[in-house]
Amino acid sequence: MNNRRGSLLVISGPSGIGKGTVCAELMKRCERLCFSISCTTRPMRPGDEEGVTYFFKTEEEFDRMIREDRFLEYAGMYGKRYGTPRAFVQEKMEAGMDVLLDIETQGALQVMQKAKGDVTSVFLLPPSMQELHSRLIGRGTETPEKAEMRFKSAYNEVDLARQYDFVIVNDRLEETVEAVKAILEASHYRPERAYTHIDALKKEETNP
Ligand code: ADP
Ligand code: 5GP
């Protein structure tokens, strides 16, 4: 690895594309990878667990965290807010661990701008809009109306794929997970990570 600092891997894409599924698989396969647990003001759903899927916050608590600058990024979706706690990400990366973010597109673009040299971004696209629709409905976690709303926003979101470092069509899960794993490995060799070493090389005496 070019330096000891961990990478920040952002997985983004429209709701229902498979971000959560891909992230869960990655966590099983990548030893040095930590998952960043977000804060949200949305209500708990069946299967949610405080401190495992999210840290559930009131609107007031979330506002306080914004004022105290405790988010690396945050965004609003359908009247609820989601944010990435900054401290966890920083601590883990400084300790040499890679950090995985499963976040929607507004937040992803913020992280990509703020933490440029540290971030590697991956956008997941559906093989077809029809397939995205059946995944979103098939998951059954939202009411059909809410699922339809999420599906409609996907039409605008797919265009954002152009701004990411990598784009993967999440057709076969196994291929997607292996591709993301390879991208994470390659992220350790981003040129920004070699800047300190390059500077040190230039200062070395030319006296072989
Ligand atoms: P997101 O986190 O992006 O909202 P999920 O991970 O919850 O999406 O996935 C939505 C649904 O699609 C889930 O039911 C999941 O099992 C399914 N899914 C994810 N990836 C694939 C894939 N490659 N092929 C078929 N179904 C998938
Ligand atoms: P859900 O309500 O289905 O758990 O998540 C809705 C969306 O919020 C998902 O697309 C997920 O990627 C996104 N999300 C989860 N945590 C964060 C976060 O910390 N920041 C941002 N910007 N989006 C998040």
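A: Start with a rule for sheets: two strands pair if DSSP finds at least two bridges between them. Helices (H or I, at least four residues) and strands (E, at least two) are DSSP runs, numbered from the N terminus. This is a predicted model, in which local features need pLDDT of at least 70 and side-chain atom pairs count only at pLDDT 80 or more, while totals for chains, interfaces and linings use all residues. Residues are numbered from 1 along each chain as its sequence is written, chains are lettered from A and ligands numbered from 1 in the order in which they are written, and side-chain values use heavy atoms, with hydrogens and water left out.

Q: What is the strand order in the open sheet of four strands?
A: In general, strands of a sheet pair through backbone hydrogen bonds, either parallel or antiparallel. Here the order is β4-β3-β6-β5, and the pairing is mixed. The edges are β4 (54-56) and β5 (71-77), each of which pairs on one side only. From one strand to the next, the twist averages 25°; for such angles, axes are lines fitted to C-alpha atoms, for helices over the stretch in contact, and angles run from 0 to 180 degrees between N-to-C directions.

Q: In which sense do β3 and β4 pair, and how do β5 and β6 run?
A: Strand β3 (residues 38-40) pairs with β4 in the parallel sense, over three bridges. One residue to look at is T40, whose bridge partner in β4 is F56. By contrast, β5 and β6 run antiparallel and are joined by six bridges. G76 has R81 in β6 as its bridge partner. The hairpin of β5 and β6 has two residues between the strands, and in it Y78 takes a positive phi near 50°.

Q: Why is β5 described as largely enclosed?
A: Buried means under 20% relative accessible area, exposed over 50%, and partly exposed in between (1.4 Å probe, protein chains only). Five of the seven residues of β5 are buried, so the strand is largely enclosed by the rest of the structure.

Q: Which helices lie across strands of this sheet?
A: Helix α2 (residues 59-67) lies across β3, β4, β5 and β6 (80-85), at about 40° to β6. Helix α3 (residues 86-94) lies across β5 and β6, and runs at about 25° to β6.

Q: Where is T105, and is it buried or exposed?
A: T105 is in helix α4 (residues 105-114). It counts as buried because its relative accessibility is 4%. Contact means heavy atoms within 4.5 Å. Leaving aside neighbours within four places in sequence, T105 is in contact with S12, G13, F123, E157, L160 and Y164.

Q: Which residues come nearest to ligand 2?
A: A residue is near a molecule or strand if one of its heavy atoms lies within 4 Å of it. Ligand 2 has 16 residues around it, and S38, R42, Y54, Y82 and E104 come nearest. A polar contact is a pair of N or O atoms within 3.5 Å; within protein, one must be able to donate a hydrogen and the other to accept it, and residues adjacent in sequence count only if both atoms are side-chain atoms. An N or O atom in the side chain of S38 is 2.7 Å from an oxygen atom of ligand 2, and for the side chain of Y54 the distance is 2.6 Å. Taken alone, ligand 2 exposes 520 Å², of which the protein buries 94%; accessible areas come from the Shrake-Rupley method with a 1.4 Å probe, and for residues only the protein chains shown count as cover.

Q: What surrounds ligand 1?
A: Ligand 1 is surrounded by 13 residues, and the closest are G16, K19, G20, T21 and R139. The largest share of this shell, three residues, comes from α1.
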